Amino acid sequence: MERKEVNGAEEAKDVKGSESRERIAAFFDLDGTLMALPSLERRFFRILRYRRAIPAKNYFSWLGEAMRLLPRGINAVLQENKMYLRGVQSIDQRGGRESFASSRHKNGYRDERQPTAPQRRNPRLPVPAFLAEAIERVAWHAKQGHAIFLVTGTLEPLASAAALALILRLAVRGITTSIGICATRLEEVNDRWTGRIVGEAMFGEAKVRAVRQIAAELNLDLARCYAYGDSAHDRWLLEAVGRPAAVNPSGELERIAMRRGWAILRWMPEKKVITPRRREIAESVSANCGVKTKAGKISERAG
């Protein structure tokens, strides 16, 4: 199955002309696909709990919301219930510079009317543990000129931080690219989260709706696009493109992939080697790009 994906990659190298290249994108799930588990949100929750940033009453609020959502299924409880964040100071990663990582809400459209605000001090974010082959695959897509998107159910500020970390990984290789973000957005009031999401959680079939909106806006040919996921809940995302791949798949997704002839990839964690040169490049790139996490903001360089 790995061989099949390699053949697909070789076939893509034959695509010529800027117009054809611009019509191809790669859509990546994040947790369990590009990076090892546990998820970024779970790591973030542990950080907040360790810092005692979550009020005790929030656990009761979460339980109450879970009971309300339970008739819609356990997935609704797990993906839509963010009441543990109620009243917690939101993360604002905006700066005065243009961002390489761009953010899209669920319908994929831009909103240039969002006002800017002064940057403020953020809580420490979990460090993404990218899989070694994941970085290689993203680098390959960037070299081909493909648009790159993270389509993930994690919280939007966490996805933005992961996108920036991934961009830095590519920068030390001399690869400059932009990464679009489609993630779960949180409602904010007075710079604090309310515990409610804006729109729908970026999960399951919601990912397909987002991808189709992006494809329509950017004139992408989904039949020539790539998608990567690890869970059976990603099957709709994988079905939407012509070149799907199941990465370290769950048992259910592996069975689906085998039935449908999808590529099955096994990616291992990255071995971290930080040289002085890598550190210098990373610091230079980090100093010249911020990450926009507000809903709908998108860099003109995305895609």
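This is a predicted model: local features need pLDDT of at least 70, side-chain atom pairs count only at pLDDT 80 or more; totals for chains, interfaces and linings use all residues.
Local features need pLDDT of at least 70, side-chain atom pairs count only at pLDDT 80 or more, and totals for chains, interfaces and linings use all residues. Residues are numbered from 1 along each chain as its sequence is written, and side-chain values use heavy atoms, with hydrogens and water left out.

User: How are the residues lining the largest pocket divided into nonpolar, polar and charged?

Analyst: The lining of the largest pocket holds 27 residues. Asp, Glu, Lys and Arg count as charged; Ala, Val, Leu, Ile, Met, Phe, Trp, Tyr, Cys and Pro as nonpolar; the others, Gly among them, as polar. The division is nine nonpolar, ten polar and eight charged.

User: Which side chain of opposite charge is nearest to D31?

Analyst: D31 sits in the loop between β1 (25–28) and α3. D31 is buried, meaning under 20% relative accessible area with a 1.4 Å probe, protein chains only. D31 has no salt bridge, which would need a side-chain nitrogen of Lys or Arg within 4 Å of a carboxyl oxygen of Asp or Glu. At 6.8 Å, the nearest side chain of opposite charge is R43.

User: Which residue has its backbone nitrogen 3.1 Å from a polar atom of the D31 side chain?

Analyst: The atom in question belongs to the backbone.

User: Why does W236 count as partly exposed?

Analyst: W236 is in helix α9 (residues 235–239). Partly exposed lies between buried, under 20%, and exposed, over 50%. W236 counts as partly exposed because its relative accessibility is 25%.

Terms used:
On a 1 Å grid over the protein atoms alone, a cavity is a set of points where a 1.4 Å probe fits but cannot get out, and a pocket is an open set with protein on both sides within 12 Å along at least five of seven lines; lining residues have an atom within 4 Å of a point. Helices (H or I, at least four residues) and strands (E, at least two) are DSSP runs, numbered from the N terminus. Lys and Arg count as positive and Asp and Glu as negative; His and the chain ends are not counted. A polar contact is a pair of N or O atoms within 3.5 Å; within protein, one must be able to donate a hydrogen and the other to accept it, and residues adjacent in sequence count only if both atoms are side-chain atoms.
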